[in-house]
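The following paragraphs lead the reader through a single protein chain and its ligand. Please keep the sequence and the model in view while reading.

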Amino acid sequence: MPLPKAELHLHIEGTLEPELAFELAARNGVELPYADTDELRKAYEFEDLQSFLNLYYELMAVLRTERDFEDLANAYLARAAAQGVRHAEIFFDPQAHLARGVDMGTVVEGLWRALGSSESAHGVSTRLILCFLRDESAESAMRTLEAAKPYLDRITGVGLDSAEVGHPPVKFREVYEAAAALGLRRVAHAGEEGPPEYITEALDVLGVERVDHGLRCMEDEQLVARLVRDRVPLTLCPLSNVRLRTVDTLADHPLPAMLDAGLLCTVNSDDPAYFGGYAGDNFGAVHRTLGLSQDRLRELARNSFLASFLEDDEERRAR
Ligand code: HPA
Ligand code: ZN
């Protein structure tokens with residue numbers, strides 16, 4: 001029986017497996033520049049975040065209809081459930097779809113067709129987090145938030161992803177203020193490739209409750225002390241860090257040191273179709289390669305529920 005866990009860092013577009021990509025391409029008459037799934041898999045050799053993002057955005061061309069987004073989410077939920085995921089807080093990137101002429105309603109309604117029945121179909125509760133692309137303008141992010149207004153009953157929070165370096169959190173101060181005023185929860189990717197200062201800025205300027213990745217906090221002792229004191233959750237993604245060369249090898253991953261420092265760490269899969277594993281695979285890898293004990297794994301699983309928006313939401317509903 002896999003350890004029950006919550007997944008808090010998962011891009012739904014990053015769950016597009018090569019087989020489904022080809023199926024959707026055929027269904028929608030989209031030509032992919034790869035002969036078959038083997039050739040596509042050979043392209044999964046990344047130098048850094050940007051080289052991954054190029055393929056990630058390219059393959060999204062196959063996602064066109066509500067049914068495509070429903071199929072994508074159902075495939076993820078089935079795989080996640082098989083690896084012990086009981087709750088998933090799922091990122092989506094609407095700007096990447098709006099730019100291709102796929103509107104917000106198609107994306108959210110499509111995803112919702114799967115998420116709305118996920119508890120009964122897969123035994124997985126879900127939340128949806130709308131991510132802004134940080135390499136797009138702040139005005140574009142604001143327009144995206146505006147386009148999401150009819151769907152806010154389905155969206156729990158906002159996040160910030162895509163190319164990090166050169167796009168500091170402060171760029172999105174106003175849109176995060178607007179999101180907070182709408183009652184949305186706030187998270188952001190920070191300290192994946194970007195410097196520790198971006199983590200501080202995400203906390204101070206954007207008011208995030210959780211930091212996605214946050215790996216580079218380890219370069220700043222005072223920041224670590226603050227994250228420990230304030231119990232700020234970090235959503236780490238070990239296999240992603242290896243594939244995007246944020247760490248040299250999994251054996252070099254700072255997760256054990258981060259846990260020893262008292263940080264509230266969680267283990268997640270990020271873009272599992274591209275990085276070689278779902279949530280349970282990430283747990284298995286840190287167990288085998290980093291020698292984390294069963295107690296440590298249970299701590300990570302407990303942290304994932306503590307750091308989720310689940311309990312607060314339930315409490316709020318009960319009030
Ligand atoms: N980092 C930043 N943006 C992303 C990622 C990631 O790992 N995956 C999808 N968008
Ligand atoms: Zn991510």
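Two residues are in contact, or touch, if their C-beta atoms, placed from the backbone, lie within 7 Å. With that criterion, Thr37 touches Pro18, Glu19 and Phe22, when residues up to four places away in sequence are not counted. The model examined here is a predicted one. Thr37 belongs to helix 2, which covers residues 37-42. Between the C-alpha atoms of Thr37 and Phe22 the separation is 7.4 Å, and the two residues are 15 apart along the chain. Thr37 counts as partly exposed because it has 15 C-beta neighbours inside 10 Å, where a buried residue would need 20 or more and an exposed one 12 or fewer.

The overall architecture may be considered next. The chain contains 17 helices and 8 strands. Its radius of gyration is 18 Å, close to the 20 Å that the globule rule gives for 319 residues, so the chain is as compact as a globular protein of that length. The C-alpha trace spans about 50 × 45 × 40 Å along its principal axes. Of the 319 residues, 50% are buried. Among contacts with a separation of 6 or more, 76% are made by residues 24 or more positions apart.

The C-alpha atoms of Arg67 and Leu111 are 8.5 Å apart in space, while the residues are 44 apart in sequence. Arg67 is located in helix 4, residues 66-82. Arg67 has 14 C-beta neighbours inside 10 Å and therefore counts as partly exposed.

Attention now turns to the ligand. Which residues are found around ligand 1? They are His11, Gly14, Leu49, Tyr56, Asp161, Ser162, His189, Glu192, Ser240, Asp270 and Asp271. This shell divides into 2 nonpolar, 5 polar and 4 charged residues. Asp271 is listed by UniProt, in an unreviewed entry, under "binding site". In the model, Asp271 is placed in the loop between strand 8 (264-267) and helix 14 (272-275). Is Asp271 buried or exposed? Asp271 is buried, because 24 other C-beta atoms lie within 10 Å. Beyond its neighbours within four places in sequence, Asp271 is in contact with His11, Gly14, Tyr56 and Ser240.

Pro4 lies in the segment before strand 1 (5-11). Pro4 touches Gly84, Arg86 and Ala301, apart from residues up to four places away in sequence. Pro4 is partly exposed, since 14 other C-beta atoms lie within 10 Å. Between Pro4 and Leu234 the C-alpha to C-alpha distance is 19 Å, with 230 residues separating them in sequence.

Two backbone features complete the account. Most residues other than glycine have a negative phi. Arg231, although not a glycine, has a positive phi of about 50 degrees. Arg231 is situated in the loop between helix 11 and strand 7 (233-236). Arg231 is exposed because 12 other C-beta atoms lie within 10 Å. Arg245 likewise is not a glycine and has a positive phi, of about 60 degrees. The position of Arg245 is in the loop between helix 12 (238-243) and helix 13 (255-260). With 15 C-beta neighbours inside 10 Å, Arg245 counts as partly exposed.

Technical notes: Residues numbered from 1 in each chain as written. Chains lettered and ligands numbered in written order. Predicted model: local features only at pLDDT ≥ 70, side-chain atom pairs only at ≥ 80, totals over all residues. Helix = DSSP H or I, 4+ residues; strand = E, 2+ residues; numbered from the N terminus. Rg over C-alpha atoms; globule rule 2.2 N^0.38 Å. Near = placed C-beta within 6 Å. Nonpolar A, V, L, I, M, F, W, Y, C, P; charged D, E, K, R; others polar. UniProt positions renumbered as here; feature names shortened; annotations may be inferred.
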